[in-house]
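Subject: Structure handover and notes

Hello,

Here is the structure for your files. My notes on it follow below.

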Amino acid sequence: MAYTIHDLEDYFKLYRRSIRTPRKFWGEIADNFSWNQKWDNVLDFNMTEAKFSWFEGGKLNITENAIDRHLVNRSKKTAILFEPNDPNEKAQHITYEELHLRVCKMANVLKEQGITKGDRVCIYLPMIPELAISVLACARIGAIHSVVFAGFSASAIAARILDSDCKLVITADGGFRGNKTIDLKSIVDEALVKCPCVDKVLLVKRTNTPINFQDGRDYWMEELLENSSINNTPEIMDAEDTLFILYTSGSTGKPKGMVHTTAGYMVYTGYTFKNVFQYQEQDIFWCTADIGWITGHSYILYGALLNGATTVLFEGVPSYPDFGRFWEIIDKHKITHLYTAPTAIRSLAKENIEWVEKYNLSSLKILGSVGEPINEEAWHWYDNHVGKKKCPIVDTWWQTETGGILISPLAGITPTKPTYATLPIPGVQPLLMDDKGNEIEGEQVTGNLCINFPWPGIARTIWGDHERYIDTYFKAYPGKYFTGDGAFRDEVGYYRITGRVDDVVIVSGHNLGTAPIEDAINEHPAVAESALVGFPHEIKGNALYGFIILKESGENRDHNNLRQEINKLISDHIGPIAKLDKIQFVDGLPKTRSGKIMRRILRKISEGDFSNFGDTSTLLNPEIVDEIVKGKV
Ligand code: WTA
């Protein structure tokens, strides 16, 4: 059966087949899911117009595949294993049967509140079971979920709600994160002042924080659930109906609402979960991402549940109550798969090794990494101290836009090589391009990473702005999807992702576009202009360095106060994750004659590399470079 890849020979055979006859290949994979009506046509596409249609004519509901289908054989199996922030609070084992019941009830609540197929629902919740249940309840009734990470600020939420015209928001009174309580409801209240499209807020009680209850708009979820029926027939969706919107930072302007549709996303996340992680029925899978990001959508929720897995939902942080928390959780729940980010690995690796050694990690079988390039040191630490050299590490490369993993070892099958994402998933055709638009063939070469052919999980558009979708991903290399990443291909065809080649910086695994942060900085009354770049950071992977020109009115101000005010502005506009590590006040920025900032130079300065700035002949003000170097912070 094509659904499961058993060994390397199998992989190569299936890979070749997936390229020769992609429609036949994906049709066979899709046969492993349950459909209300089979598709007429596996794939129609046009790379120039960025039009993709997978499994056209097919009818289905993804929650029927992720939940109902398992009620026959797995009703008493734990679907979601919830580990609360406070280790003294009891973990919850939510079985498939209970998940079904709770999703049906919540789906009915949404319907009673007037939500129907195609409506957008914003979900701003901490990592608690209600987050998973809300997402699935939306999918069940055909409402489009737009999950906003619960670390974003009021303005960031408002921008996302307005962009996709959400009618309803699901949030909580507050959320626990380590020893902090975050007042989510008051953040939502602030956001909603600017959002006339939202007429209802459903509130989950989590922290018992006093809130400002707005009659007629706010409702306690608990009360609504009490009276709601347990019977819910899922909405039958067309294959290409939108399942969700998830915002990701762009290198320019406002966030991009990436749109994923129903059938292709289901087939792709289900297939990659099974094969990359070589998932087996008794496994306990823990992905430490937040559901507010694509990794959480695809591998805490959909991919895992589609395979009938037990998936762990952890509310807290790796450092609370101490640095042993991850390892304690693995020991306690006998976790078999740990899927986390290099930034988490690095931050835990710098703590005393006794934190790891204190716990029994022998249940672990497979380790995963995602979100940014993993450096060699972190890779080996993960391999030696967590995997005890017996767990394959899958370094999975993918993006919000790709829906699921595109390049990764298959656990235990593909020989791994530290820092390499290795080989493409069947159906995925990576290639490297040079800046002039030519393909770079051969071995041991570096270039811009593109994908030559659609896969079922590819995003279909940017919500409300298809032109931007085409411009961002399909214009640079006509006929190809451009990832925005650079990559190296070695002598056996393994890929190593080298990092972003655009103005997106990955800080602690979070994608941050520099432009929206610059916009926030420029709102400060003392700021004339600013330019941001990323520079290497031991734990975060990258951190942000801001070069800021002050207006005359700001010149006499205390620089440290200004730095704090600027970071506060960034926190308010985007969220604390986007704060700058370093701020240097400068008299000018290196600009070309056409007025473009030469970020390449700023990047070198931020890294402390003053050796060779390359060709600076097109600079309007070359003398500024020396001045900036002298003032480096
Ligand atoms: C980066 C996260 C190197 C990459 C799933 C990509 C990686 C961006 C890896 C997408 C990896 C993700 N090795 N780099 N294994 N995984 N990236 O949209 O730059 O949050 O373009 O999706 O993260 O981040 P996003």
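Asn85 is buried, with a relative accessible area of 4% (buried is under 20% relative accessible area, exposed is over 50%, and partly exposed is in between, with a 1.4 Å probe and protein chains only). Asn85 sits in the loop between strand 4 and strand 5 (92-95); helices (H or I, at least four residues) and strands (E, at least two) are DSSP runs, numbered from the N terminus. The side chain of Asn85 reaches the backbone nitrogen of Gly178 at 2.8 Å. Neighbours within four places in sequence left aside, Asn85 is in contact with Phe176, Arg177, Gly178, Glu315, Gly316, Val317, Tyr320 and Arg325, where contact means heavy atoms within 4.5 Å.

On provenance: this is a predicted model, in which local features need pLDDT of at least 70 and side-chain atom pairs count only at pLDDT 80 or more, while totals for chains, interfaces and linings use all residues. Residues are numbered from 1 along each chain as its sequence is written, and side-chain values use heavy atoms, with hydrogens and water left out.

Two further loop residues

Lys76 lies in the loop between helix 3 (62-66) and strand 4 (78-83). Is Lys76 buried or exposed? Lys76 is exposed, at a relative accessible area of 62%. Not counting residues up to four places away in sequence, Lys76 touches Thr95 and Glu97. With Glu97 there is a polar contact, side chain to side chain, at 2.6 Å (a polar contact is a pair of N or O atoms within 3.5 Å; within protein, one must be able to donate a hydrogen and the other to accept it, and residues adjacent in sequence count only if both atoms are side-chain atoms).

Gln113 is in the loop between helix 4 (96-112) and strand 6 (120-124). Its relative accessibility is 13%, so Gln113 counts as buried. The side chain of Gln113 makes a polar contact with the side chain of Lys200 at 3.3 Å. Leaving aside neighbours within four places in sequence, the contacts of Gln113 are Leu168, Lys200, Leu202, Tyr219 and Leu224.

Ala172 belongs to strand 8 (residues 168-172) and is buried, with a relative accessible area of 0%. Apart from neighbours within four places in sequence, Ala172 is in contact with Tyr124, Leu125, Pro126, Leu184, Lys185, Leu203 and Val204. From the C-alpha of Ala172 to that of Ile128, 44 residues away along the chain, the separation is 9.9 Å.

Gly513 is in strand 28 (residues 510-513) and is also buried, at 1% relative accessible area. Gly513 touches Ser249, Gly250, Asp503 and Val504, residues up to four places away in sequence not being counted. The C-alpha atoms of Gly513 and Pro126 are 24 Å apart, the two residues being 387 apart along the chain.

Helices

Helix 5 (residues 129-141) has 13 residues and reaches 19 Å from its first C-alpha to its last, close to the 18 Å expected at 1.5 Å a residue; the expected span is 1.5 Å times one less than the number of residues. Twelve of the 13 residues of helix 5 are buried, so the helix is largely enclosed by the rest of the structure. The buried residues include Pro129, Leu131, Cys138 and Arg140. Gly142 follows helix 5 and has a positive phi, near 80°.

Helix 9 (residues 262-276) has 15 residues, which should span 21 Å, and its end C-alpha atoms are 21 Å apart, in agreement. Of its 15 residues, 15 are buried, so helix 9 is largely enclosed by the rest of the structure. Just after helix 9, Gln278 takes a positive phi of about 45°.

Two packed helices are described by the angle between their axes and the distance between the axes. The axes of helix 1 (residues 8-20) and helix 2 (residues 22-30) come within 5 Å and cross at roughly 120°; axes are lines fitted to C-alpha atoms, for helices over the stretch in contact, and angles run from 0 to 180 degrees between N-to-C directions. Helix 1 is therefore oblique to helix 2 (under 35 degrees counts as roughly parallel, over 145 as roughly antiparallel, 65 to 115 as roughly perpendicular and the rest as oblique). Helix 1 contributes Leu14, Arg17, Ser18, Ile19 and Arg20 to the contact, and helix 2 contributes Pro22, Lys24, Phe25 and Glu28.

Regards
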